[in-house]
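Subject: Structure handover

Hello,

Please find the structure below. Notes on what was found in it follow.

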Amino acid sequence: VTELPGWLEQLTQRFPNTQVMVCSDNAERQFLIKAMQLGVREFLVLPLIRAELEAALERVFVAHKKRLAERAGSGKLVAVSSLTGGAGVTSVAVNLAVALAEIYPEQVALVDLGRPFADVANFLHQPKKAGLWDLLENQDHLDSSFIMGAMQFHKAKLAVMHGCSNFTGLDLIKPAALEKIWGGLRQLFVWTIVDLGHWLDEVYLSTANAADRLILLTELTIPDLHRLRELWSLFQQQGLRMDKVSI
């Protein structure tokens with residue numbers, strides 16, 4: 001480019017953690033200053049020189065590794081739930097994960113904790129090769145590498161942890177094991193989206209407590225509004241922070 005495009009500032013503001021590189025045959029000082037003011041972190045003069053390009057890419061790589069180290073363990077956990085089945089929890093969870101992966105490619109995890117039926121695989125048209133079952137069978141080895149081994153990568157640039165496909169596996173799901181899994185996922189991904197379903201038990205409540213945000217879907221029917229009032233009271237009894245619940 002010889003003139004900075006108007007959309008460049010919007011780009012750097014929308015993706016503040018992304019390194020933007022500008023290549024131009026305009027090497028004037030004011031042009032360079034303007035680029036830096038817009039958030040450009042690397043500037044190369046055309047025609048490109050291989051050594052300079054490699055050095056710039058190395059600086060980008062080092063900066064990326066530094067950001068990953070700084071955010072280790074600080075990933076956000078969002079749980080999507082409902083009051084009854086058929087409210088669209090899986091649809092919302094899957095679409096939210098895919099949308100986030102467009103902004104944070106390879107940095108979003110989608111976990112299927114829907115019970116009694118795990119439907120994320122069907123929504124993504126992805127066969128189940130590994131998943132939550134593998135982790136629960138090996139609860140003494142829940143480190144980051146083991147958790148990554150249970151993830152399946154989808155073409156939408158997100159990682160998927162499929163749920164238990166048989167009812168016997170549901171008995172293995174315990175809050176203590178999930179706490180280790182959530183901790184590992186926070187270290188590995190910027191966002192973790194959990195399809196929590198509507199099965200109200202200790203697993204549901206512990207996940208709701210662990211989440212940074214709980215998205216609760218409801219329909220405007222009298223039975224659902226009654227259930228919402230009862231659930232709201234239960235959340236308060238369990239000490240759940242109500243400011244993190246979005247209805």
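Two strands pair if DSSP finds at least two bridges between them; helices (H or I, at least four residues) and strands (E, at least two) are DSSP runs numbered from the N terminus. This is a predicted model, in which local features need pLDDT of at least 70 and side-chain atom pairs count only at pLDDT 80 or more, while totals for chains, interfaces and linings use all residues. Residues are numbered from 1 along each chain as its sequence is written, and side-chain values use heavy atoms, with hydrogens and water left out.

Sheet. Seven strands form an open sheet with mixed pairing, in the order β5-β6-β4-β7-β3-β8-β9. The edges are β5 (152-154) and β9 (245-246); each has a single partner strand, so one side of each lacks a neighbour in the sheet. Strand β8 (residues 213-217) runs parallel to β9 and is joined to β9 by two bridges. I215 has S246 in β9 as its bridge partner.

Helix α10 (residues 202-210) packs on the sheet and touches β3, β7 and β8 (contact: heavy atoms within 4.5 Å). Its direction makes about 150° with that of β7 (axes are lines fitted to C-alpha atoms, for helices over the stretch in contact; angles between N-to-C directions run from 0 to 180 degrees).

Cysteines. There are zero disulfides (cysteine sulfur atoms within 2.5 Å). C164 is buried at 5% relative accessibility, and C23 is partly exposed at 25% (buried: under 20% relative accessible area; exposed: over 50%; partly exposed: in between; 1.4 Å probe, protein chains only).

Regards
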